[in-house]
Amino acid sequence: MMVVPEKAAGKIEHAGKTYYFCSKSCVERFSQDPGKFLATSSTAGMEHSPAPAGPGAIEDTAAVSRAAPEEKKIRYTCPMHPEVVQVGPGICPICGMALEPMDIFAEVEADPEYHAMLLRFWVSAALSLPVLVFSMIGESFDVPLLPNVRNGVEFLLATPVVLWGGWPFFERFWSSLVNRTPNMFTLIGLGTGAAYLDSVAATFFPQIFPASFRGMPGAAPVYFEAAAVITTLVLLGQVLELRARQRTSGAIRALLNLAPQQAHLLGSDGSEKDVALGQVQRGDRLRVRPGERVPADGTIREGASAVDESMVTGEPMPVEKTAGDQVTGGTLNTSGSLVMEAERVGPESMLAQIVKLVSEAQRSRAPLQRLADKVSVYFVPAVVAAAILSFLGWSFFGPEPHFAHGLVAAVAVLIIACPCALGLATPMSIMVAVGRGAHAGVLIRNAQALETLAKVDTLVIDKTGTLTEGKPRVTSVEVERPDEFSDWELLRLAASIEKLSEHPIGRAIVKAAEEKNLSLLPASDFRSVPGKGVRGTVEGKEVLVGTTDFLHQSGIASPNDGPEFRPATADALSYVLVAIDGKRAGALIFSDTIKNSAQEAIDSLRRDGIRIVMATGDRRDVALHIARTLALDQAEAEILPERKAEIVRILQKQGRIVAMAGDGINDAPALAAADVGIAMGTGTDVAIENAGITILKGDLRGIMRARNLSRATVRNIKQNLAFAFLYNVIGIPVAAGVFYPLFGWLLSPMLASAAMSFSSVSVIANALRLRQQAL
C-alpha cells in the first residue's frame, strides 16, 4: 500500500529517499537497522517513495515498483479441517488441535501460543508437585495436619493449576460441546472438572456426603492431586506439540533461506548496487560472484562458471554454464563470475514452487488418528450418560441420603473414566520407542510416521546420497596411449595441473592422486578456461584437462581420428579428457559408488514384501545400471523435484502406502507428500526436517530396523489402549453401582482414583517393555 505523507506516523530520510510509515513501531525498527528492515520479507505497513515534488505528489513509479512488501499476516489452518482459517495461531474450534501455519517466511516468527503454554506448564508443574506430596504423605508429616487444613492447602495450590493452567483445555472442552464433536479434550474437561468440583464440595461442604464416605474427623476425600497432575501432563503434551510445529515451519524457512537476501543489480550505465531480493524484477541484470547463490531464475548473459544445482537435481556434479544457459535461483555459483537476466522472481521461481509443494504436502497430511480419539466419539457420550443415569438411579431408588449417594456415584463414574490412561497409552509407547530407535540409529520425528511405517508397501528411494555415497570420486583412469603413459602417470600429470584450479572437479582429481600417494609436480603457464578446462606445463609437457569441446578448440582430435570418447563403465557419472603434448592421452572417470549397506537393505525390504522404486535426477543409463545392480522393481531417471512428488501421489492413488527415502533439498516435496518420509542423516537439514524418520549415518539397513520398531510400537499401543479401556469397561459399572443390589459393591471416588492410577501404572509398565525390543 501507499502511505499518504500527510497521514504518515513518521518519515525517515535514507540513501537519498524518503520513507513513510503507517505506525511508530515500524519507524523504530527502521531506525535501528534500515538495511535489515528493507531486506526482510516482512516489512511492516511501510511504503517508501522519493520526497514529493509538490503538494499531493506522493508516488514515484520507480520507487513504488521497488517498494518493500506490506506486513504479512500469517494465516493458520487446521490439517483435519482445512475450512478453518484464521490470522495468527490458535486452536481448531471443531477438533481442538493446534492450528498450523499456512504462510511461512524466511524470518523467524514469534509464537505467542507456545510461550504462553510453556509458562502455564512450568507454573502448573511447580504447584502440582506439593499438591501430590500433600495427597500421598499428608498423614505422615512430622507435624500432622488436620484433614480440613490439608484440603484447604491443596485447594489453594490446585486452583491456579486447574482454572488458570487448564483454562485452554476447558475452552476446547466447551468448543467440543458447542460443535457436538467429542474428542480427547472432552474427556480431559470432564475428568479434571469433575475431580476438581467434587474436591471443592468435599472441602467446603463435607456434610453433603454420606457418613460412610467421610473419615473419622468428618472430612470427605478430595482429588485435587488428580485434577492438578492431569492438567500439568496435558500442558506438557501441548508444549511438545507446539514445539514440533515450529520445527516443521523451520524446514520451509530453511528452503527460503537458500535464496540470498540481496542481489547485485547492474544499471544501464554499468554501475552496480546491492538491492533487497524482494526488489528484483523481471528483466533486471544481476551479477553473481563466485561462491554466491543465484538470486533468481534467469538466463546467463555474460561469463561462464560451474553451478552446483544439487538443490534441484540432487546430483553432486556442478554443471558448466555459459552465456545463454538457464540458471535457477538458490543454486550455488562455484567458480566464475556471471551476469544474468532475471526472468522468474518471487513466487514464480522454482525455489518458491518447491516451498509451495512442501507446504501444501505438509498441510494435506492428516494428523495421527489415534484409536483413543476414534473411540472418544462414542466413549464420551457413553460416560456422561452413565454418570447421569447413576445420579438419577441413586436419587430415586437408592438409600438415604439419595442426593449425596447419587452425586458420589456420578463423580466416581467420571473419575474412573478420566482420560489419564487413555492419554498415556500412545505417548508412553511413542516416548519409549523413540528412545529405543535412537540407540539403533533411527530418529523418530513424529508418531504418525512411526505408526504408518508398519503399513508401508512401497518405498520410493532417491539414488544420490541414499543408495550411493553422493560424493563423486575418480574411480578409474582410461589410458589411450598405454605405450607412453601408465594410468598413475596420467593421473599425476592431471592432478599437478588441477592443484592450481578451484573447480570442484579439479579438487576431486587432486584428492584421487593424494589417496594413491602420488607426488604432484610443479606446474607453470597455468591457464583456466571457465566452463571448459585447464592447461599448463608439467616437466616440459603441455597438459590439457577438460571437456571434449575444450580439446577440439585446442586443435586436439581423437587418437588416429577415431570416434569420440565413451566411458567403458556404465556407472560413469562424468569424465574429463586429458591431452599431453597435443595428443589425447586418456580420460579420468568419475562415479558415485553404491553404499556398502545398500544391497543388504534392499534384499531385506524386498523379502518383507516392499516394492522398491528409485527416483533420481541423474542420467538414465546411470540410473538403470544402479537399478540392475540392486535388483530394484522400477527406476525413474532425469526427473525434477516436482516429478518425484508426483510419482508419490500416483502410487498413493493406486492404493499403495508409500514411504519416501532421500537426503537432498530436491527430495523435500516428495518426502513431505509421502505417507512416511525417511531422511538420511548425512543429508540436508531441509530433507531431515521434512521427514518423519531420520536414519543416522545414512545406513539403509536402518529402514528395516525402523519398520520392525514401528510394528512393535503399534502392537504395544493397542495393548495399552486395551488395558485402559478394560479398566473403564469394568470400573464404570462398578462405580455406577450396577452391582450394589446383588453384591453390595459400591465404588467410592477414592477407589475410582486408585483404579485410574493403577491403569496408568499398567500402561507405563507395558510401554517400558519396548526398551528391550530386538530390532
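# Exercises on a predicted model

Phe155, Tyr196, Phe204 and Phe224 are joined into a cluster by ring pairs. The model is predicted: local features need pLDDT of at least 70 and side-chain atom pairs count only at pLDDT 80 or more, while totals for chains, interfaces and linings use all residues. Residues are numbered from 1 along each chain as its sequence is written, and side-chain values use heavy atoms, with hydrogens and water left out.

## Exercise 1

Classify the ring pair of Tyr196 and Phe224, and state which helices hold the two residues.

Solution. Begin with the criterion: rings of Phe, Tyr and Trp (its six-membered ring) pair if their centres lie within 6.5 Å, and planes under 30 degrees apart count as stacked, over 60 as edge-to-face and the rest as tilted. The structure holds six aromatic pairs. For Tyr196 and Phe224 the centres are 6.0 Å apart and the planes stand at 65°, so the pair is edge-to-face. Next, place the residues: Tyr196 is in helix α7 (residues 184–204) and Phe224 in helix α8 (residues 224–256), so the pair ties together parts 28 residues apart in sequence. Helices (H or I, at least four residues) and strands (E, at least two) are DSSP runs, numbered from the N terminus. Last, check burial, where buried means under 20% relative accessible area, exposed over 50% and partly exposed in between (1.4 Å probe, protein chains only). Tyr196 is buried at 7%, and Phe224 is buried at 0%.

## Exercise 2

Give the strand order of the six-stranded open sheet and identify its edges.

Solution. Two strands pair if DSSP finds at least two bridges between them. The order is β8-β7-β9-β15-β10-β13, with antiparallel pairing. β8 (272–276) and β13 (326–327) each have a single partner strand, so one side of each lacks a neighbour in the sheet. Within the sheet, β10 (residues 297–303) and β15 (residues 338–344) pair over six bridges.

## Exercise 3

Describe the surroundings of Asp667.

Solution. Locate the residue: Asp667 is in the loop between β26 (658–662) and α22 (668–673). Asp667 is buried, with a relative accessible area of 0%. List its contacts (heavy atoms within 4.5 Å): neighbours within four places in sequence aside, Asp667 touches Asp462, Lys644, Met660 and Gly662. Then look for a polar contact, a pair of N or O atoms within 3.5 Å; within protein, one must be able to donate a hydrogen and the other to accept it, and residues adjacent in sequence count only if both atoms are side-chain atoms. The side chains of Asp667 and Lys644 make one at 2.6 Å.
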